[in-house]
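This report describes how parts of one chain sit against each other. Please look at the sequence and the model before reading on.

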Amino acid sequence: MAKLSELVEKIDETAKAGDREKAVRMIDSLLQRAPDNPALVSRKTKYQAELDMQRRLQALEKKFGLA
């Protein structure tokens, strides 16, 4: 099994590439193995907020025909 730091790095790279949904799923998977890890919990909160904002923007773009 890979080290936690390597997995967190991969999650960060995934999120930076724009796939925040996958990053959140990856964090959820890790949280099952390492519950209450403060680094994972804070990243999940951050990426979940970014994902929610991304979805809102996409919905507005679709609604107003900007996409």
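This is a predicted model: local features need pLDDT of at least 70, side-chain atom pairs count only at pLDDT 80 or more; totals for chains, interfaces and linings use all residues.

## Thr 14 and its contacts

Setting aside residues up to four places away in sequence, Thr 14 touches Asp 19, Lys 22, Ala 23 and Met 26.

Thr 14 lies in helix H1, which covers residues 4-16. Is Thr 14 buried or exposed? Thr 14 is buried, because its relative accessible area is 14% and buried means under 20%.

## Helix H2

Helix H2 is made of residues 20-33, 14 residues in total. From its first C-alpha to its last, H2 reaches 20 Å, close to the 20 Å expected at 1.5 Å a residue.

The buried residues of H2 are Ala 23, Val 24, Ile 27, Leu 30 and Leu 31. Around the helix axis they cover an arc of only 125 degrees, so they are on the same side of H2. An α-helix has 3.6 residues a turn, so residues three or four places apart point the same way. The face of H2 turned away from the buried side carries Arg 25, Gln 32 and Arg 33, which are exposed. Helices H1 and H3 (38-64) are among what covers the buried residues of H2.

## The nonpolar core

Which residues make up the largest nonpolar core? This core has 10 residues: Val 8, Ile 11, Ala 15, Ala 23, Val 24, Ile 27, Leu 30, Leu 31, Leu 40 and Tyr 47. H1, H2 and H3 each supply at least two residues of the core. The most comes from H2, which gives 5 residues. In soluble globular proteins, nonpolar side chains tend to be buried together.

Ala 15 is one of the core residues. Apart from its neighbours within four places in sequence, Ala 15 is in contact with Arg 20, Ala 23 and Tyr 47.

## Val 41 in helix H3

Val 41 is located in helix H3.

Which residues does Val 41 touch, not counting residues up to four places away in sequence? Val 41 touches Leu 31 and Asp 36. Leu 31 and Val 41 are 10 residues apart along the chain, and their C-alpha atoms are separated by 7.9 Å.

Note on methods. Residues are numbered from 1 along each chain as its sequence is written. Side-chain values use heavy atoms; hydrogens and water are left out. Helices (H or I, at least four residues) and strands (E, at least two) are DSSP runs, numbered from the N terminus. Buried means under 20% relative accessible area, exposed over 50%, partly exposed in between (1.4 Å probe, protein chains only). Contact means heavy atoms within 4.5 Å. The expected span of a helix is 1.5 Å times one less than its number of residues. The arc is that of the directions from the helix axis to the C-beta atoms. A nonpolar core is a set of buried Ala, Val, Leu, Ile, Met, Phe, Trp, Tyr and Cys residues joined through side-chain atoms within 4.5 Å.
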